[in-house]
Amino acid sequence: MVITNNYSVKIETISRSAWFTLGLLSSTLLVVFFSETMLLPAIPEIMKDFKVPYAVAAWIFSGYMIVAAVMTPIAGKLSDVYGKKKVLLTLLAIYVAGTAAGGFANTISFLLAIRIVQGVGLAAVPAAFSLLRDTFPQARLAVAVGVFGSAYSGGSVVGLLAGASIIHNIGWHSTFFFIDPIAAFVAVMISKFVKENKDQQLLHSVADKSIKRYNHKLRVPPAIDIKGAIALSFTTAAFIMALTLVQTGGMARNLGEVAAAFMASIISLSVFVIIERKTDSPLLDFRLLRDRILLPSYLILMAVGITMFMAYPSIVQLVRSPVPLGFGGNAVDAANVQLPFMILFLIFSSITPFIISKIGNKKPIIIGSLISLIGSIGLLVSHSTEFGVSANLAVIATGLSLAITATWNIVVSESPKEFIGISTAVAALLMFIGMATGPSIAGVYMENYSTVEGIQGSYPTLGSYNLVYLTSGLLSGISLGFAMALNRRGVIITDPKAEHKIYGCAGVSDKVINEILNAEPVPKETRAEKTFCAQARAQRVPCASNS
């Protein structure tokens, strides 16, 4: 029994079936993030096979993440409306089909198309997170989130190592054939053994009907915001295209095209905001972005996404570039240099839940951001040897794993339960946008090329990598600022019986709130902390108010 804020909360035990479900859902994350890193060591081979520059090759990762970013909130909405398990299996089926076709890619266009299909599969993350919350008791959710998060880094480790070995010995096409049967097996196991809590869909419907008794205009329509999805896709793609144009031709030679791409991105973003404000079923619920706890968490995940995917391809390029512009290694060498990063990420993702249980879920974000800042500075100062790069990458991984695991724990535990799908989707959306932007930012930095006497081709200068390390430190500093702001918000008080936020609601009587949610009386000491409206209380999301 744990006493918190004058409440007694019973710590429930975790059943064997819950652990088994966690293992299966974590396998989903392991499989889809295997695809994230399996092609990293093959960047030079892909550039050579298809005779394309780095700017085009970077779209193998950027395109993958753009689609994942756009599809994630759609998948989150669909999982809230039609069921988490059904949506998860559908997305996994698409992923399996796309991966099978990837082994036959014979043009860069076909390969990019396959990566787009795989990106749809990556949108399964919110549905898997939602099923986790159905399975685990609230008090033990941090453990599930930590294990689930470690599967991400585990998939990245396996993808990097297995991918490098397969690429070096057989060829990069074989990476698709390696992971596809494993993904199919995971989908079959989830279909057979994972159970979904149907009560949450019922609660969604009951809450909607209860609200209508007080305001007939309030409703939760099941429509999918297709217009918003198109606008968001165009916004992200235009922004990354602008970065690509900067890289391929430079600002001076491509000034008109670069300006047009950036302007198109800004206009499309404005259209997206207008669409989202007018639609009854938005792709991105702006009420969530006004939450003082969730918003900083979302932005931290976005900064982490940029940092990780800015470093991944640039380190591969550094290792595989000839001396003195790099280390002159092969695909396996590139994997080995990044291996400490992946291993430390895996280890600390696994132990962060236990750290959270001791010091809370906000201090690890501060500590992690500070550690990754130190690692970035170390990388900027000492990167002349493979050991120096690996050691500093390991420091960065330690910090990022602490920050990302604790941040996801906040998002999952503090999001409205009936809308957990769309809330985790918003978090994943911003993180995936960061991941899609990272390679393009690295590409912009690497537009400065140099040649090595006696070796054909041109390679990024050493100064290009310094800009990557400097930006990594800047992003870590930004994350640290958001983490400190998050820490000042204080502890969120929750009602252990009703399992919902119990802040008072200005202008709405407690009787109405309690009838809607069947909750215990709202404690007086929490009423002044934040304001929720009746609709938000029923939907468990913050509304625009005088908070």
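The legends below describe close-up views of one predicted model.

The model is predicted, so local features need pLDDT of at least 70 and side-chain atom pairs count only at pLDDT 80 or more, while totals for chains, interfaces and linings use all residues. Residues are numbered from 1 along each chain as its sequence is written, and side-chain values use heavy atoms, with hydrogens and water left out.

**View 1. The whole chain.**
The protein chain has 21 helices and four strands. Helices (H or I, at least four residues) and strands (E, at least two) are DSSP runs, numbered from the N terminus. Of the 547 residues, 60% count as buried. Buried means under 20% relative accessible area, exposed over 50%, and partly exposed in between (1.4 Å probe, protein chains only). Contact means heavy atoms within 4.5 Å. Among contacts between residues at least 6 apart in sequence, 79% join residues at least 24 apart.

**View 2. Aromatic pair Phe34 and Phe178.**
Rings of Phe, Tyr and Trp (its six-membered ring) pair if their centres lie within 6.5 Å; planes under 30 degrees apart count as stacked, over 60 as edge-to-face and the rest as tilted. The count by this rule is six aromatic pairs. Phe34 and Phe178 are stacked, at 5.7 Å centre to centre with 25° between the planes. Phe34 belongs to helix H1 (residues 16-38) and Phe178 to helix H9 (residues 174-193), so the pair ties together parts that are 144 residues apart in sequence. Phe34 is buried, at 1% relative accessibility. Phe178 is partly exposed, at 37%.

**View 3. Aromatic pair Phe104 and Phe177.**
The ring centres of Phe104 and Phe177 are 5.4 Å apart and the planes stand at 75°, so this pair is edge-to-face. Phe104 sits in the loop between helix H5 (84-102) and helix H6 (108-122), and Phe177 in helix H9, so the pair ties together parts that are 73 residues apart in sequence. Phe104 is exposed, with a relative accessible area of 58%. Phe177 is partly exposed, at 40%.

**View 4. The second largest cavity and its lining.**
On a 1 Å grid over the protein atoms alone, a cavity is a set of points where a 1.4 Å probe fits but cannot get out; lining residues have an atom within 4 Å of a point. Grid points are joined across faces, edges and corners, and a volume is the space filled by probe spheres set on the points. There are eight cavities of 30 Å³ or more. H14 gives the most, with four residues. By class, the lining has ten nonpolar, two polar and no charged residues. Ala, Val, Leu, Ile, Met, Phe, Trp, Tyr, Cys and Pro count as nonpolar, Asp, Glu, Lys and Arg as charged, and the others, Gly among them, as polar.

**View 5. Phe341 in the largest nonpolar core.**
A nonpolar core is a set of buried Ala, Val, Leu, Ile, Met, Phe, Trp, Tyr and Cys residues joined through side-chain atoms within 4.5 Å. The largest has 146 residues, of which Trp172, Phe341, Trp408 and Phe432 touch the most other members. Leaving out residues up to four places away in sequence, Phe341 touches Met308, Tyr312, Leu393, Ala394, Ile396, Ala397 and Leu400.

**View 6. Val395 in helix H17.**
Val395 is partly exposed, at 31% relative accessibility. Beyond its neighbours within four places in sequence, Val395 is in contact with Ile371 and Gly375. Val395 and Gly368 are 27 residues apart in sequence and 9.7 Å apart in space, C-alpha to C-alpha.

**View 7. The second largest pocket.**
A pocket is an open set of grid points with protein on both sides within 12 Å along at least five of seven lines. The second largest pocket has a volume of about 570 Å³. Of its 18 lining residues, Pro44, Met47, Gly457, Ser458 and Tyr459 are the closest to its centre. Helix H2 (43-50), H14 and strand E4 (455-460) are the elements that give two or more residues to the lining. E4 supplies the largest share, five residues. By class, the lining has nine nonpolar, six polar and three charged residues.

**View 8. Gln317 in helix H14.**
Gln317 is buried, with a relative accessible area of 11%. Not counting residues up to four places away in sequence, Gln317 touches Tyr54, Met446, Tyr459, Pro460 and Tyr465.
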